[in-house]
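Subject: Structure handover

Hello,

Here is the structure I promised to pass on. Please open it and keep it beside this email while you read.

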Amino acid sequence: MKKLSLRARVLTGVAAAAVVAGTVGAASASASAPAAAVKTDTKNRNLQESTHLTLAAATKAAQATLDAAKKENQRVSVAVVDRNGNTILTLRGDGAGPQAYESAVKKAYTAVSWNAPTSELAKRLANAPTLKDIPGTLFLAGGAPVTAKGAPIAAIGVAGAPSGDLDEKFAQAGVATLTR
């Protein structure tokens, strides 16, 4: 029997999950994300090398995000998550509301999960409303993925501004500091 590649196994799993969930939209949302920036060790196929955002880079991006919000007199919280959706760090800006912290984390998690800005993902809810039921996600503007080699390696989530468009603008400012 031929052994399936990692990509084939992942796509097969996604397709099976879509059948179980009965949500074609969830499968298309997941399938739109590119394969992770992972390189297999040719000498030992049990090992892989992947690209991750450093704590220093996450801190730099989060501070740039807070600075962009401060310039517009907005009080926000910022979260940076790694490629697996695990929180690297969070910063609560002075005066940010209590809901902003958790919302920022969920927006970042959502953005990295689908490798897309959460404003774009929110539009997908019209065709696949059950996407919002996935635990830990928040389909509101304010999350932006960080990519390397065409794959998500992290994401920045922002919450607390009067609109998701502002939240996402500030998140993009953080992402931009990583590409300079």
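Below is what was found in it, topic by topic.

**Ground rules**

This is a predicted model, so local features need pLDDT of at least 70 and side-chain atom pairs count only at pLDDT 80 or more, while totals for chains, interfaces and linings use all residues. Residues are numbered from 1 along each chain as its sequence is written, and side-chain values use heavy atoms, with hydrogens and water left out.

**Confidence**

pLDDT is the predictor's confidence in each residue, from 0 to 100. The chain averages 83. A score of at least 70 is reached by 77% of the residues. Among the elements, β3 has the highest mean pLDDT, 98. Helix α2 (residues 24–31) has the lowest, 35. Over residues 7–36, pLDDT stays under 50. For that stretch the model has 27 contacts beyond four places in sequence. Contact means heavy atoms within 4.5 Å. Where pLDDT is low, the predicted coordinates should not be read in detail.

**Overall layout**

The chain has six helices and six strands. Both are DSSP runs, numbered from the N terminus: helices are H or I with at least four residues, strands are E with at least two. Along the sequence the pattern reads α-α-β-β-α-β-β-α-α-β-β-α. The chain has 180 residues, and 39% of them count as buried. Buried means under 20% relative accessible area, exposed means over 50%, and partly exposed is in between (1.4 Å probe, protein chains only). Take contacts between residues at least 6 apart in sequence: 64% of them join residues at least 24 apart.

**The sheet**

What is the order of the four strands in the open sheet? The order is β4-β3-β6-β5, with antiparallel pairing. Two strands pair if DSSP finds at least two bridges between them. The edge strands are β4 (87–92) and β5 (143–148), each pairing on one side only. From one strand to the next, the twist averages 15 degrees. Strands of a sheet pair through backbone hydrogen bonds, either parallel or antiparallel.

Start with β3 (residues 77–82) and β4. Five bridges join them in the antiparallel sense. Valine 80 stands opposite leucine 89 in β4. Alanine 79 has threonine 90 of β4 as its bridge partner. The β3–β4 hairpin has four residues between the strands, and glycine 85 there takes a positive phi near 85 degrees.

Now β5 and β6. Their antiparallel pairing runs over six bridges. Proline 145 has alanine 155 in β6 as its bridge partner. This hairpin has two residues between the strands, and lysine 149 takes a positive phi near 55 degrees. Five of the six residues of β5 are buried, so β5 is largely enclosed by the rest of the structure.

**The helices**

Helix α3 (residues 55–71) lies across β3, β4 and β6 (151–159). Its direction is at about 30 degrees to β4. Axes are lines fitted to C-alpha atoms, for helices over the stretch in contact, and angles run from 0 to 180 degrees between N-to-C directions. Threonine 59 lies in α3. Threonine 59 is partly exposed, with a relative accessible area of 38%. Threonine 59 and isoleucine 88 are 29 residues apart in sequence and 8.9 Å apart in space, C-alpha to C-alpha.

Helix α4 (residues 98–114) lies across β3, β4, β5 and β6, at about 155 degrees to β6. Its buried residues include Ala104, Lys107 and Trp114. Just after α4, asparagine 115 takes a positive phi of about 50 degrees.

In α6 (residues 164–178), the buried residues include Asp167, Phe170 and Ala171. Their cover includes α3, α4, α5 (118–124), β5 and β6.

**The cores**

A nonpolar core is a set of buried Ala, Val, Leu, Ile, Met, Phe, Trp, Tyr and Cys residues joined through side-chain atoms within 4.5 Å. The largest one has 23 residues. Those touching the most other members include Val80, Val158 and Phe170. Two or more residues each come from α3, β3, β5, β6 and α6. The largest share, seven residues, comes from α3. Another core lies apart from this one, with six residues, among them Trp114 and Leu121.

Finally, look at valine 158. Leaving aside neighbours within four places in sequence, valine 158 has contacts that include Val76, Ala104 and Phe170.

Best wishes
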